[in-house]
Amino acid sequence: MTSTLTRDGVHRPGGWRSRLALSPDLVDFANRGFRTDRPETRYVLERAATAFLDGYNRGLDTPYGQPTTLDGIPADLRGFAAEGSAMSAVLLDRLSPRRHGRFAAQLRGHPRHDYLLHVGAGWALAKLDAVSVGALGRLGRLGSENGLLRWLAYDGYGFFKVFFVKDPTLAGWRRHRKPCDPTCAIRYQGLGRCLWFRDCGDPAALAERISGLPASHRGDVWSGVGLAATYANGVSPDDHVLLLRLAGNHRPALAQGAAFAAEARRADGTAGPAVDAAARTLTGVSADTAAEWTWQARHGLDRAGATPADYGEWRARVQRLAARHVAG
């Protein structure tokens, strides 16, 4: 008899596929209580979330040791699908510890989506409430060449916890119940990415919500917003201009997130005109130049033993580069 994980996190007997499969209803903005009054943006973001579920469910059917096929998924959505496939791979790895090579197979099979794969791993760890330095260290050994990127799993962890939170006020994120560790900032970056979905890309609503979060983490949240505003996008150029203005002193953080997104899009071959336009507004330079910042800033940090502090330094270096172009 097998043991599986249900949506409420409880292990119960039964087949993995039927128990773990996710319904498209889970990403319907109305069902989630997200903003629905910006229909064009909602369409783009729900389409991205649906691609995530497609990749996740495909991952459940992927033979052991093989990467999940992304055939038939539009190129601009494959990153989201890869993110979903990583979530199901890590879940299955954790539920069958004697055969835990599924996430490694995703890394080997989809190297162009390494950013999104590590974020997707964090979704799984959040669902299992298993996120820890030890857990991420094991993920890092599976992809030792991506030692710095593995900390993006905490971004995925934060996104998951906000996407499925029942309290729309996000009260748990508005105060700290215990001291922050070096991964806390990364989780707030994930919160920022998720707010882009919850508030349907509305700059004014995002700025108001961020103003109520802990001052020490507002830059982290703006970083996540910049990442989502560039990678998922779905808004008009005017919205990007307003977003930059409302970020105020956090413009370098917003730009850093946009630079991360520019590199992720360049790596997977989908850095088209919309990505470049968003990057030019949010970073003050082309998407290609912003993507190069991320590599310039990684020098000396990207190694198998990279720590959360190294990840934080990576972000800080990109923000210092960005400040020359967007500070004001």
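Okay, let's start inside: Phe 52 and Trp 123 are both buried, where buried means under 20% relative accessible area with a 1.4 Å probe, counting protein chains only. Before I go on, this is a predicted model, so local features need pLDDT of at least 70 and side-chain atom pairs count only at pLDDT 80 or more, while totals for chains, interfaces and linings use all residues. Residues are numbered from 1 along each chain as its sequence is written, and side-chain values use heavy atoms, with hydrogens and water left out.

Back to those two rings. Phe 52 and Trp 123 make a tilted aromatic pair, 4.3 Å centre to centre with 35° between the planes. A pair here needs ring centres within 6.5 Å, using the six-membered ring for Trp; planes under 30 degrees apart are stacked, over 60 edge-to-face, and the rest tilted. Phe 52 sits in helix H3 and Trp 123 in helix H6 (residues 114–128), so this pair ties together parts 71 residues apart in sequence. Helices, by the way, are DSSP runs of H or I with at least four residues, numbered from the N terminus.

Next pair: Trp 173 and Tyr 188 are edge-to-face, at 5.0 Å centre to centre and 85° between the planes. Trp 173 is in the loop between helix H8 (152–163) and helix H9 (184–198), and Tyr 188 is in helix H9. Tyr 188 is buried, at 3% relative accessible area, and Trp 173 counts as buried too, at 14%.

In total, the structure holds 19 aromatic pairs. Phe 52 and Trp 123 also belong to one aromatic cluster, whose members include Phe 29, Phe 34 and Phe 159.

A cavity is a set of points on a 1 Å grid over the protein atoms alone where a 1.4 Å probe fits but cannot get out, and lining residues have an atom within 4 Å of a point. Of its 21 lining residues, Phe 80, Glu 83, Leu 116, Phe 159 and Arg 193 are the closest to its centre. The lining splits into 18 nonpolar, no polar and three charged; nonpolar covers Ala, Val, Leu, Ile, Met, Phe, Trp, Tyr, Cys and Pro, charged covers Asp, Glu, Lys and Arg, and the others, Gly among them, are polar.

The second largest cavity holds about 50 Å³, and its lining has five nonpolar, seven polar and one charged residues.

Note on methods:
Helix = DSSP H or I, 4+ residues; strand = E, 2+ residues; numbered from the N terminus. Buried < 20%, exposed > 50% of the residue type's maximum accessible area, 1.4 Å probe, protein only. 1 Å grid on protein atoms, 1.4 Å probe; cavity = no way out; pocket = protein on both sides within 12 Å on 5 of 7 lines; lining within 4 Å. Points joined across faces, edges and corners; volume = space filled by probe spheres on them.
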